[in-house]
Amino acid sequence: FHFIAVNYYLQGEYEEARRSAERASLGDSGFSQLILATSNAALGNREGTQQALEKLARYEPLARDTEG
């Protein structure tokens, strides 16, 4: 569902992106939370955006800046 959600988001179909991201988030991944946060932000849903960002903050980064 992640790629479906991204596709909807890129097409400007933010509600469909949010719904697909919610289905993908059942597996509880950081990427799902990222899509939920961006879709909710595009829809003007501050509460949904904040909730997704709080959940996203629980995940470790996929990579670290070796120069930083």
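**Pocket and helix packing**

Mentor: In this predicted model, the residues lining the largest pocket divide into 2 nonpolar, 6 polar and 2 charged.

Trainee: Which residues line the largest pocket?

Mentor: The lining consists of Glu 22, Ser 25, Gln 33, Leu 36, Asn 40, Asn 45, Gly 48, Gln 51, Ala 52 and Lys 55. Helices α3 and α4 each supply at least two residues of this lining. The largest share, 4 residues, comes from α4.

Trainee: At what angle do the axes of α3 and α4 cross?

Mentor: Helix α3 spans residues 30–42 and helix α4 residues 46–56; their axes come within 8 Å and cross at roughly 160°. Angles over 145 degrees count as roughly antiparallel, so α3 is roughly antiparallel to α4.

Trainee: Is the crossing of α3 and α4 left-handed or right-handed?

Mentor: The crossing is left-handed. On the α3 side, the contact is made by Gly 30, Gln 33, Leu 34, Leu 36, Ala 37, Asn 40 and Ala 41. From α4 come Gly 48, Thr 49, Ala 52, Leu 53, Lys 55 and Leu 56.

Trainee: How many residues of each class does the contact of α3 with α4 have?

Mentor: This contact has 7 nonpolar, 5 polar and 1 charged residues.

Note on methods: Residues numbered from 1 in each chain as written. Predicted model: local features only at pLDDT ≥ 70, side-chain atom pairs only at ≥ 80, totals over all residues. Heavy atoms only, no water. Axes fitted to C-alpha atoms, helices over the stretch in contact; angles between N-to-C directions. Parallel < 35°, antiparallel > 145°, perpendicular 65-115°, else oblique. Left-handed = near helix turned anticlockwise from the far one by under 90°. Contact = heavy atoms within 4.5 Å. Nonpolar A, V, L, I, M, F, W, Y, C, P; charged D, E, K, R; others polar. 1 Å grid on protein atoms, 1.4 Å probe; cavity = no way out; pocket = protein on both sides within 12 Å on 5 of 7 lines; lining within 4 Å.
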